[in-house]
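Let's read a structure together, one feature at a time. Bring your questions, and we will go from the general idea to the case at hand.

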Amino acid sequence: MVAFIGLCVGSFLNVVVYRFPIMLNRDWTEFAQEHLAEQASAADAAQLPEQSTPAEPFNLAVPRSRCPSCNNLISAWQNIPVMSWLILRGRCKNCANPISARYPLVELLTGCMSLGVIGTFGFTALGLGALIFTWILIAATFIDFDTQLLPDQLTLPLVWLGLLINLNGNGIVSLHDAVIGAVAGYLFLWSTFWAFKLIRGKEGMGYGDFKLYAAMGALMGWQVLPAVILIASVVGLIFSLISIALSRSTSGQAFAFGPYLAIAGWVCLIFRDTVLSVFGGGA
Ligand SMILES: [Zn+2]
């Protein structure tokens, strides 16, 4: 049952990963246009820029999913997690253009990770909290991977959720350790960012990473932070070496650190005791 719910949530996460950056982009453009229009009207009331026509509604619910190649509406039976992709053999029924294997893979990943979370924490309030944390984490990771953006709309709820899970003393750590974890996580990456910027004159990571790291501290306490950053760096290094070996990455190109933080954080969530005993941070 958990795996099935995970597969269905994974299907929805695919929609979030695809649409949310587009929605944000629309919002920012609209905001910038309004701001410029206000400035222009203050400077010269006669010269108002043309108002853009209101766009068609576009959010997580509407419009219905369409094939990106032929614009054909995707029917309900073509929307069954993993199964539809297998039955259709990864091709659109209408135009036979390939459908990315990432859609069923994200669904499978979400299903497996959901099983991992409930297997670890059981059918408890903590299990439910960790499950929601995991789902938001998956969406944030793939958005960061695609766009190098970690939206506040996803990272900040992770921080609050991490703190809430530990509110009543039956979470993962005490509320004390969770609050210190959130603050320490944010400040550590924030100061690293500024040190790097002052010394090298370059920005090594984004503000979204600070909030994601803060969320890890909020959920699992400050004790787990060194392990998360270490595992994230090692995983990041391995992935970079692989992509350099496959010569798909040019050096100096911006890369998202968020996905590695997310992978490391989730591994620590499931194997927290083992990780802490290895890293000697067990209190
Ligand atoms: Zn098509």
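A: Before we start, one cut-off: a residue is called buried when its relative accessible area is under 20%, and exposed when that area is over 50%. Keep in mind that this is a predicted model.

Q: Thanks! Is Cys92 buried or exposed?
A: Cys92 has a relative accessible area of 9%, so Cys92 is buried. Cys67, at 7% relative accessibility, counts as buried too.

Q: Which atoms coordinate the zinc ion?
A: Look for the donor atoms around the metal. Here they are the SG atoms of Cys67, Cys70, Cys92 and Cys95, at 2.2 to 2.3 Å from the zinc ion.

Q: What is the geometry of the zinc ion's site?
A: Geometry is read from the angles among the donors. For the zinc ion's four donor atoms these run from 105 to 118°, and the site is tetrahedral. Along the chain, the donors are spaced as C-x2-C-x21-C-x2-C.

Q: Where is Ala61, and is it buried or exposed?
A: Ala61 lies in the loop between helix 1 (2-43) and helix 2 (83-87). Its relative accessible area is 60%, so Ala61 is exposed.

Q: And which residues does Asn14 touch?
A: Asn14 belongs to helix 1 and is buried, at 8% relative accessibility. Leaving aside residues up to four places away in sequence, Asn14 touches Arg102, Tyr103, Val106 and Glu107.

How values were computed: Residues numbered from 1 in each chain as written. Predicted model: local features only at pLDDT ≥ 70, side-chain atom pairs only at ≥ 80, totals over all residues. Heavy atoms only, no water. Helix = DSSP H or I, 4+ residues; strand = E, 2+ residues; numbered from the N terminus. Buried < 20%, exposed > 50% of the residue type's maximum accessible area, 1.4 Å probe, protein only. Donors = N, O, S within 2.8 Å, 3.2 Å for Na, K, Ca; no water. Tetrahedral: all angles 85-135°; square planar, octahedral: opposite > 155°, others 65-115°. Contact = heavy atoms within 4.5 Å.
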